[in-house]
Amino acid sequence: RKRIVSGVQPTGSIHLGNYLGAIKNWIELQNSYDTLFFIVDLHAITLPYETQQLAKSTRDTAAIYLACGVDTSKGDENVSVSLLTYPVLMASDILLYQSDFVPVGEDQKQHLELTRELAERVNYLYGGRKWKKLGGRGGAIFKVPEPLIPPAGARVMSLTDGLSKMSKSSPSDQSRINLLDSKDVIANKIKRCKTDSSTGLEFDNPDRPECNNLLSIYQLVSGKTKEEVAKECQDMSWGSFKPLITDALIDHLHPIQVRYEEIMSDSAYLDGVLAEGAARATEIADATLNNVYQAMGFLRR
Ligand code: TYM
């Protein structure tokens with residue numbers, strides 16, 4: 001079974017971009033792969049932070065994964081979904097776990113390029129001839145992973161500027177939909193979001209980035225195809241579209257929010273998931289590290 005790994009930083013609140021660009025795809029992929037989904041807390045300390053807040057955000061993020069449908073209860077021995085709380089940096093996150101694919105948004109593409117280069121270099125330097133003869137398999141120390149970037153949702157844009165990315169770090173909360181935003185907050189953000197003065201809504205018009213972004217979001221949360229949305233909205237005014245996308249967002253996020261509250265009120269369950277995930281991840285990481293030490297000529301610790 002091929003493996004996928006991915007993660008989100010526990011900084012700020014998880015928003016629609018994180019969800020549509022990454023988490024939603026994990027859920028769609030998880031039945032077909034062996035999976036490791038982590039909360040990359042070590043990445044979150046590269047900027048000044050408060051220790052108490054980091055621990056809280058890490059647990060919150062875990063609860064959001066579960067609320068979105070990350071599945072930890074699969075009985076099949078080949079399938080295991082894990083959450084891990086003591087991460088290392090991105091390339092090592094990926095390479096340690098011998099991942100085949102990494103489902104992420106477009107902004108992570110260059111990090112994946114670096115990860116691939118590092119893996120290839122280590123394999124070339126330390127993997128030996130055997131690895132080369134086998135065309136990159138068998139004797140390789142690290143798997144060379146590929147990004148899996150979704151056809152829609154890979155770059156969700158800000159609600160207040162269709163040319164910049166929706167982001168956790170933007171000071172304006174109006175610019176993003178957070179997964180835990182209440183109905184009223186969502187309705188208000190959509191009411192105030194940036195649009196344009198044309199009538200009739202369309203995808204892929206470079207002069208109408210806000211229009212493309214809102215249609216894409218609507219497509220993803222409503223579960224419709226791009227063609228269906230293009231047809232449904234081609235003659236629509238913003239005045240009729242806004243209630244439509246608002247309802248679709250609320251309907252999509254409501255069950256996630258209900259589940260989040262349930263999970264947060266059961267701390268034993270949440271801590272259990274984290275501990276099991278960490279144990280499973282450690283096992284895979286130890287095997288890789290042992291290989292690396294051996295291949296590089298270090299004595300076994
Ligand atoms: P982070 O925490 O910034 O974002 C988590 C995931 O959300 C995606 N994303 C978006 N997708 C679409 N539109 C957006 N506006 C948007 N904003 C964020 C990101 O592409 C990402 O998939 N370095 C990573 C975390 C990381 C990681 C890893 C990921 C650390 N180690 C190993 C995969 C594998 C980061 O900062 O993501």
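The protein chain splits into domain 1 (3-153 + 266-295) and domain 2 (173-263), with bounds taken from an automatic or database domain assignment. This is a predicted model: local features need pLDDT of at least 70, side-chain atom pairs count only at pLDDT 80 or more, and totals for chains, interfaces and linings use all residues. Residues are numbered from 1 along each chain as its sequence is written.

Start with the two domains. The C-alpha centres of domain 1 and domain 2 lie 29 Å apart. Their contact takes 16 residues from domain 1 and 15 residues from domain 2. Two residues are in contact if their C-beta atoms, placed from the backbone, lie within 7 Å.

On the domain 1 side, H1, helix H2 (51-68) and helix H10 (267-295) each give two or more residues. H2 gives the most, with five residues. Helices (H or I, at least four residues) and strands (E, at least two) are DSSP runs, numbered from the N terminus. This side of domain 1 divides into twelve nonpolar residues, three polar and one charged. Ala, Val, Leu, Ile, Met, Phe, Trp, Tyr, Cys and Pro count as nonpolar; Asp, Glu, Lys and Arg count as charged; the others, Gly among them, count as polar.
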